[in-house]
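Here is a short briefing on one protein model.

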Amino acid sequence: MIKRVHLTVGVVLTAVIAMSGCGTTKPGNAKSSPQSASTAGSGGTVGARSADSGSPTGEDADPRHSLPAEPSTPTPSPSATRPLKDGTAVLVHCADADDPYTTAVVRNPNGREGTFGLKIHYKDAHGFTMSESYDQVLVAAKGKERVRVAAGSLGPIDEIARCEVSPRATAVH
């Protein structure tokens, strides 16, 4: 029963190969013959070229059945290789005793999401920079992200007279 199934499958595969033109050569250039049904049914490999057959890229090979020389490699999209433009940052609220968080909005001008660096300078009444903070913010393509930065760990909040946000949010990646 199993031999009949293998034999039947081998005969069908040989017929399909013969009808599709695989394994055939031009008249007069024959170097090998297609496998017979008895070879296919007895464990032979159907569709394999014999060692003495012609090269698949030779002049007598059928171009419809030739194999590519090398697998193609995907090329990266132009936007993936182009560096991101820097974003912008705007101060919304400076930390104070009522709200110890500095709030800023970072905008992304790019067509893909990116991470941007946000710098905030905390100054006292004399203009002296008491402290600075730096945070990285992930912003969607052509989007904006509202960021709240805790100022409590930077020093006494009641001494902060003003906050300055660097207007350029540097593209990190």
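Cys 94 and Cys 163 form a disulfide, with their sulfur atoms 1.9 Å apart. The model is predicted. A search of the whole structure finds 1 disulfide and 4 salt bridges.

**Disulfide**
- The torsion about the S-S bond of Cys 94 and Cys 163 is about 65 degrees, so the disulfide is right-handed.
- Cys 94 is buried, because its relative accessible area of 18% falls under the 20% cut-off.
- Cys 163 is also buried, at 8% relative accessible area.

- Arg 168 pairs with Asp 86 in a salt bridge, and their closest N and O atoms are 3.4 Å apart.
- Arg 168 belongs to strand E7 (residues 168-171).
- Asp 86 lies in the loop between helix H3 (78-81) and strand E1 (87-93).
- This pair links distant parts of the chain, 82 residues apart.
- Arg 168 counts as exposed, because its 54% relative accessibility is over the 50% cut-off.
- Asp 86 counts as partly exposed, at 30% relative accessibility.
- Asp 99 and Arg 148 form another salt bridge, with 3.3 Å between the closest N and O atoms.
- Arg 148 is partly exposed, with a relative accessible area of 46%.

**Salt-bridge network**
- Lys 123, Arg 162 and Glu 164 are linked in a network of salt bridges.
- Within it, the side chains of Arg 162 and Glu 164 meet at 3.0 Å, N to O.
- Arg 162 is partly exposed, with a relative accessible area of 38%.
- Glu 164 is likewise partly exposed, at 30% relative accessibility.

**Nonpolar core**
- In soluble globular proteins, nonpolar side chains tend to be buried together.
- Here, the largest nonpolar core has 18 residues.
- Val 106, Leu 118, Ile 120 and Tyr 122 have the most contacts inside this core.
- Five strands are named as giving two or more residues to the core: E2 (101-107), E3 (114-123), E4, E5 (144-150) and E6 (162-165).
- The largest share of the core, 4 residues, comes from E3.
- What does Leu 118 touch, not counting residues up to four places away in sequence? The list is Ala 89, Ala 104, Val 106, Ser 133, Tyr 134, Asp 135, Val 147 and Val 165.

**Ser 131**
- Ser 131 is in strand E4 (residues 129-139).
- Is Ser 131 buried or exposed? Ser 131 is buried, because its relative accessible area of 14% is under 20%.
- Leaving aside neighbours within four places in sequence, Ser 131 is in contact with Ile 120, His 121, Tyr 122 and Leu 154.
- Two of these partners, Ile 120 and Tyr 122, are also among the residues with the most contacts inside the largest nonpolar core.

Notes:
Residues numbered from 1 in each chain as written. Predicted model: local features only at pLDDT ≥ 70, side-chain atom pairs only at ≥ 80, totals over all residues. Heavy atoms only, no water. Buried < 20%, exposed > 50% of the residue type's maximum accessible area, 1.4 Å probe, protein only. Contact = heavy atoms within 4.5 Å. Core = buried A, V, L, I, M, F, W, Y, C linked by side-chain atoms within 4.5 Å. Disulfide = S-S within 2.5 Å.
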